[in-house]
Amino acid sequence: MNLVLAAHRSCQNFPATVSHTLEWKDARTLRWQAEVSSEAAPVLGQHFGLDYRKNWELWQVDVCEIFLQQRQHPQELTAPYLELQVSRQGQPLAIVIQKPRVSCYIPLGLELSAVVEATPRGWRHSCELVWPWPRAGELYLGAFACLGESSARGYFSHAPNPEAQADFHRPEFFIPWQGS
């Protein structure tokens, strides 16, 4: 599945383009690739490492994100979802969101790898995740990016929310993954 992300209305003039590609490499392995082209100065996180369990607040640097939610029916908006992030330095973060802004946890034992390469105008990453749960129901997803300095941050989404502030934690805007 290929997605080109749109800038949120709060940052329409942010100088970047972002695309995501997702596919099942095999029955259990998800491959996620993202490419960012940006004229903005990079925001890096030297204090983050390669252990996805220890990179809380990774979203404060340049990251691409996907949210994956298994639903038994399309209206099951309260099901937990997996949030994956990869920075432009290859630092990952994985969180299971049980209730947005209320409860979450860091899943243990994920098989997650990310490789990042610089491009002439930005960066590209390739990430693989062995899906840790039985695949049941339909998979819904959200695809996002946070780029730039906090004073002029760019927020990108497959379906930007209409409010003045960008808000990615809105399962009603997640879309069915074609091919799940």
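In this predicted model, the lining of the second largest pocket draws at least two residues from each of β5, β6 and β7. The largest contribution comes from β5, with three residues. The pocket holds about 190 Å³ of space. Its lining is made up of L68, Q69, Q70, P80, Y81, L82, V96, Q98, Y105, W131 and W133. By class, eight of these residues are nonpolar and three are polar, and none is charged.

Charged residues are present in the lining of the largest pocket, numbering five, alongside ten nonpolar and six polar residues.

The largest nonpolar core comprises 34 residues, and those touching the most other members are V18, L30, W32, C64, I66, L147 and F156. At least two core residues are supplied by each of β3 (16–24), β4 (29–38), β5 (63–71), β6 (81–87), β7 (92–99), β10 (122–130) and β11 (138–147). With five residues, β11 gives the most to this core. When neighbours within four places in sequence are set aside, the contacts of F156 are L5, A6, A7, F14, A16, V18, A143, F144, A145, L147 and F168. Another core lies apart from the largest one and has 15 residues, including V43, F144, C146 and F174.

H158 is placed in the loop between β12 (154–157) and β13 (175–176). H158 counts as buried because its relative accessibility is 17%, below the 20% limit for that class. A polar atom of the H158 side chain lies 2.7 Å from the backbone oxygen of F173. Residues up to four places away in sequence not being counted, H158 touches L3, L5, L141, G142, A143, F144, F173, F174 and I175. Of these contacts of H158, F144 and F174 are among the members of the 15-residue core. L5, A143 and F144, which H158 touches, are also among the contacts of F156.

Terms used:
Residues numbered from 1 in each chain as written. Predicted model: local features only at pLDDT ≥ 70, side-chain atom pairs only at ≥ 80, totals over all residues. Heavy atoms only, no water. Helix = DSSP H or I, 4+ residues; strand = E, 2+ residues; numbered from the N terminus. Buried < 20%, exposed > 50% of the residue type's maximum accessible area, 1.4 Å probe, protein only. Polar contact = N/O pair within 3.5 Å; in protein donor to acceptor, adjacent residues only side chain to side chain. Contact = heavy atoms within 4.5 Å. Core = buried A, V, L, I, M, F, W, Y, C linked by side-chain atoms within 4.5 Å. Nonpolar A, V, L, I, M, F, W, Y, C, P; charged D, E, K, R; others polar. 1 Å grid on protein atoms, 1.4 Å probe; cavity = no way out; pocket = protein on both sides within 12 Å on 5 of 7 lines; lining within 4 Å. Points joined across faces, edges and corners; volume = space filled by probe spheres on them.
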